[in-house]
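Here are my notes on the model, as numbered points. Please read them alongside the coordinates.

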Amino acid sequence: MSESAQQPITSVAEFLAHALELEYESRERYRELSDSMKVHNNPEIAKLFKRMARYSDLHADEVQNLAEGLSLPAIAPWAFKWNC
């Protein structure tokens, strides 16, 4: 685990940057799962994953609205702070 992953999130901007990246990542994974379910002829589950991707889009929009006026830090994937 990187040293930054052991440090707490210390600002609202940093928290929102983490939240936004997580929503973007979940959206992509849900889209991949939806595509996979289409290939495997499971349209009902493909539709479910597509809907989940849409929810991630909506959550990302909410986070962006909350972050309006803030300068969000760029966080590299290996620098995410997980409190495990």
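1. Of the 84 residues in the protein chain, 27% count as buried, meaning under 20% relative accessible area with a 1.4 Å probe and protein chains only. This is a predicted model, in which local features need pLDDT of at least 70, side-chain atom pairs count only at pLDDT 80 or more, and totals for chains, interfaces and linings use all residues. Residues are numbered from 1 along each chain as its sequence is written, and side-chain values use heavy atoms, without hydrogens and water.

2. The chain has 2 helices and 0 strands, taken as DSSP runs (H or I, at least four residues; E, at least two) numbered from the N terminus. Its radius of gyration, taken over C-alpha atoms, is 15 Å, well over the 12 Å from the globule rule (2.2 Å times the number of residues to the power 0.38), so the chain is more spread out than a compact globule. The C-alpha trace spans about 45 × 30 × 20 Å along its principal axes.

3. Helix α1 (residues 12-39) and helix α2 (residues 43-66) have axes that come within 8 Å and cross at roughly 165°; axes are lines fitted to C-alpha atoms over the stretch in contact, with angles from 0 to 180 degrees between N-to-C directions. That makes α1 roughly antiparallel to α2 (angles over 145 degrees).

4. Ser56 lies in helix α2 and, at 4% relative accessibility, counts as buried. Leaving out residues up to four places away in sequence, Ser56 touches Glu23, Ser26, Arg27 and Tyr30, where contact means heavy atoms within 4.5 Å.

Note on methods: Parallel < 35°, antiparallel > 145°, perpendicular 65-115°, else oblique. Buried < 20%, exposed > 50% of the residue type's maximum accessible area, 1.4 Å probe, protein only.
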